[in-house]
Amino acid sequence: MKLNFEHHQTAHCENGVASNLLLNKGLKLSEPMIFGIGSGLFFVYLPFLKVNFAPGFSYRPMPGAIFSKAAKRLGIKIKRIKFSNPQEAQKALEKNLENNIPTGLQVGVFNLTYFPEEYKFHFNAHNLVVYGKENGRFLISDPVMDYTTSLSEAELEKVRYAKGALPPKGHMYYPTYIPEDVNLEEAIKKGIRDTCKNMLAPVPLIGVKAIRWVAKSIPKWAEKKGTKVTNHYLGQLIRMQEEIGTGGGGFRFIYGAFLQEAAVILKNDQLKELSKEITAIGDLWRDFAVDIARVYKNRNSKSDIYNNLSKSMLHIADLEEAFYKKLRKAI
């Protein structure tokens, strides 16, 4: 049982699953277009939620939100189901495959047998597609990999029922309706407005204000919690930024590509210029990650390093605030 399904590698799992599932149904949208319409650019800081013994940082919205928002704005209907019983979850997945429906799954990363060891940690918001079953193994299209792979029934059950923060609970999803004509222009505008609203939100937990809160916390962590704990927190920050779901720098590059596409569709040259601006900000996020990595590996001998990291992040926050204000006006 192997469905006719095209595997395409992408930068981020949720955009990739969405793009690949829609392409399977005849709607060709790039990964950046899904990401932009689905308002994938985000930042949240939850100091009271501990993930891997560090505060909760995320450069993305809740799992499923990007695809759900993109679908709603494009008039696409998606069915999502969770199961308390793993056997029921497997039966439902197999029934979909029998009905020629490639199916998206939310899974935990830690027990994915095909993932390199250095990428395995307890993160339960990864996405992949199951597109068949052969010799008792489920055929897997994981868009962050450049090849398709497979998992046994037991291996798939283990990742579908991973424990910890944001447990998948057997979550599966797939498109059930795609309109013949999608209003791409209006969907793009809605996506951009929502991104600007989130990143310029007046509350300290999300957007630019949350970036500033984290930045100002870095020297305080060093003072109150010591070097070891601070470096662990910073390690978690760049892991969420650069390794898990491509986060900070990578997301800015994807958004830049989205704005380039949007500039052509909307005939708006301002978006082309803003595309260059967010790409340059992405470069600064990457530099920031490299600086943290040096500190984490004790390869940075600069004095006052935590204050310098704080200043770098505050500078990025200032640039992002100016960017979103310009973007909001441009649209």
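This is a predicted model: local features need pLDDT of at least 70, side-chain atom pairs count only at pLDDT 80 or more; totals for chains, interfaces and linings use all residues.
Residues are numbered from 1 along each chain as its sequence is written, and side-chain values use heavy atoms, with hydrogens and water left out.

Going back to the strands, β5 and β6 pair in the antiparallel sense over five bridges, and two strands are said to pair if DSSP finds at least two bridges between them. The hairpin that β5 and β6 make has two residues between the strands, and there N135 takes a positive phi near 55°. On to the next neighbour: β6 pairs with β7, again in the antiparallel sense, over four bridges, and F138 has L151 as its bridge partner in β7. Four of the five residues of β6 are buried, so this strand is largely enclosed by the rest of the structure; here buried means under 20% relative accessible area, exposed means over 50%, and partly exposed lies in between, with a 1.4 Å probe and protein chains only.

Now the whole sheet, which is open and has six strands in the order β3-β8-β4-β5-β6-β7, with antiparallel pairing. At its edges stand β3, residues 77-81, and β7, residues 149-152, and each has a single partner strand, so one side of each is left without a neighbour in the sheet. From one strand to the next the twist averages 40°, where angles run from 0 to 180 degrees between N-to-C directions, and the axes are lines fitted to C-alpha atoms, for helices over the stretch in contact. Elsewhere in the sheet, β4 (residues 103-107) and β8 (residues 172-177) form an antiparallel pair over two bridges, with G104 standing opposite Y173 in β8.

Which strands does helix α4 touch as it packs on the sheet? Helix α4, residues 86-98, touches β4, β5, β6 and β8, and its direction makes about 65° with that of β5, contact here meaning heavy atoms within 4.5 Å. Helix α5, residues 153-160, lies across β4, β5, β6, β7 and β8, and runs at about 90° to β7.

That brings us to charged pairs, and back to K133. K133 forms a salt bridge with E94, the closest N and O atoms being 2.5 Å apart, and a salt bridge is defined as a side-chain nitrogen of Lys or Arg within 4 Å of a carboxyl oxygen of Asp or Glu. The pair links distant parts of the chain, with K133 in strand β5 and E94 in helix α4, 39 residues apart. K133 is buried at a relative accessible area of 14%, and E94 is buried as well, at 18%.

The structure holds 16 salt bridges, and another of them joins the side chains of D194 and K69, at 2.7 Å from N to O. D194 lies in helix α6 (residues 184-199) and K69 in helix α3 (residues 65-74), so this pair ties together parts that are 125 residues apart in sequence. D194 is buried, with a relative accessible area of 10%, whereas K69 is partly exposed, at 29%. A network of salt bridges links K69, R73, D194 and K197.

Finally, the domains, whose bounds come from an automatic or database domain assignment. That assignment gives domain 1 as 13-38 + 77-177 and domain 2 as 184-330, and their centres, taken over C-alpha atoms, are separated by 28 Å. The contact takes 13 residues from domain 1 and 18 residues from domain 2.

How much area is buried between domain 1 and domain 2? The figure is about 1,300 Å², of which carbon and sulfur atoms give 78%, buried area being the accessible area (1.4 Å probe) that two parts lose on being put together, summed over both. M33, F35 and F121 supply 41% of the area that domain 1 buries against domain 2, more than any other three residues. Across this interface of domain 1 and domain 2, the rule finds zero salt bridges.
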